[in-house]
Structures are given as structure tokens and as C-alpha cells.
Amino acid sequence: MVLRLFIVNALVYLGLKLLWLAAPSLGVDFESAVAGLLLPPTFEGVAERPWTMVTYMFTQCDFRHLLVNMLWLGGFGTLLGRDVGGLRVLALYLFGGLAAAGMFLLSSLTPFAAAEPLAGASGSVIALTVAAGVVAPGRKVKLTYIGEFSMRQVVPLALLAFFFCSLPEAMAHAGGLLAGIAAALVWRRGARPAKVTEPIMPDEYSALVAKANAEGYEALLPAEQRRLYELTALRSRRG
């Protein structure tokens, strides 16, 4: 699913670049065409173009914007997908983008209202990044030439890149952040241990216990935590 989201974002970006090159010969108003994809800065504008609540989150207007968002999507989105599945990654991408759009529009009610429309997948990517950290805060990741860190250390640093911006954009990014936290907490709460009927695997149980003792319980992935809980409960019933 992450790859598909990456492809859609890349195709939209390339399509806009090709349109920009061809617009003069085709007689197309390029600025108007792009504006039809971006999120207007007012509720009135969105009422006229409601589809922009979705299209804006797939529209990156410059290469740096595309590069940063796709790096974070590929890294944190892939990690999150391993824990919760591709469909939930897609759902959170959309939910995070909608939450970001909502917060951006709320900024129009303040003295710091935006004058320009909102573009890009930043809100969606922030939601995925935060959720990856909340779902598995103890997961270790290796950063080239730097070392190994836990997600609880990496995620806050990763988010810094998104908050050096104007207030309306910061509000949009905060919307994505809140969406990611909310989704991750719901998923963690809903991950109840299923009834275990299969026999206990001594090697599996010992390996999980050894990992928890050596690295801490939070170093276990959510699936490993659930499995250790199941095996412990089953051992207690049989004991």
C-alpha cells in the first residue's frame, strides 16, 4: 500500500510538470488547473470545490516537498504497515489528510488566516509517522552513520522538519499529528489477545522472555507482546 501511495503522489507531481511544459501550446491555464487540486484557505472555497479535501494531499508543488514527504512515507509508513497492515495505512493516510485540512480551515477563523491554498501530503505523513511511534515505541531502527535508536527517540526528531512553517500550516500538521495518535491508541486498545488453543512452544516462549529481559518489554513488537501474553496466560492455566 505504501508503494501505491508513493506512485500516486509521484504521478501527480510528474503530471503537473508535464502540464506546465505543455500548457502554452495547449492553451491551458496552468495556475487554474493546479488550483483545482489544492485545498482553498476558506470554508467557502472548499464548499465550491469539495474534492480538494482529498486531492490536495496527493499534490506536491515542488521536488523538495515531494522528496521529504515520500521519504517519511516510505520509512515510517512501511514500519507501520508491518504492525497494522496496508489497509490501515491507507485509511490513516486519508484520515490524517482530512484532519490536517480541517485544522487548516479552522485557521481561517483566526487573525493568522492563510492567504494561499494548502498542498501536499505532510498531514498524512505526519499521521503515519506518529502512529508508527505510538504503536511500537520500543522498536529499534538504525540510522546510517549515526547509530541505533528507539522509535520514541526518532519520531520527535523526524517531526521537527514539519513545524518550521506558518501558523496555518502548523495547525494543519498538528491535525495530522492528532489523527496519528488517535488511530494508534485505538489500534493498540483493540489488539486484545485471542484465545490460545495451540500448544505452547517452549523455544518461542523462552526467546520472547529473553528478548524482553535483555531489551525491555517495550522493545517487543506489538505482535510479540500479544504472543508473550497469550503464552504466559496459557502456561498459568496449565500450571
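How much space lies in the largest pocket? About 510 Å³, in a predicted model where local features need pLDDT of at least 70, side-chain atom pairs count only at pLDDT 80 or more, and totals for chains, interfaces and linings use all residues. Residues are numbered from 1 along each chain as its sequence is written, and side-chain values use heavy atoms, with hydrogens and water left out.

A pocket here is an open set of points on a 1 Å grid where a 1.4 Å probe fits, with protein on both sides within 12 Å along at least five of seven lines; lining residues have an atom within 4 Å of a point. This pocket has 29 of them, and nearest its centre lie His65, Ala119, Ser122, Glu169 and His173. Helices H5 (63–84), H6 (86–106), H7 (122–135) and H9 (167–190) each give at least two residues to the lining (helices are DSSP runs of H or I, at least four residues).

Now for the rings: the structure holds 2 aromatic pairs (centres within 6.5 Å). Tyr13 is buried at 11% relative accessible area, while Phe63 is exposed at 51% (buried means under 20%, exposed over 50%).

The other pair, Phe58 and Tyr93, is also tilted, with centres 5.2 Å apart and planes at 35°. Phe58 sits in the loop between H4 (52–55) and H5, and Tyr93 in H6, so the pair ties together parts 35 residues apart in sequence. Phe58 is buried at 13%, and Tyr93 is buried at 0%.

Conventions:
Grid points are joined across faces, edges and corners, and a volume is the space filled by probe spheres set on the points. Rings of Phe, Tyr and Trp (its six-membered ring) pair if their centres lie within 6.5 Å; planes under 30 degrees apart count as stacked, over 60 as edge-to-face and the rest as tilted. Buried means under 20% relative accessible area, exposed over 50%, partly exposed in between (1.4 Å probe, protein chains only).
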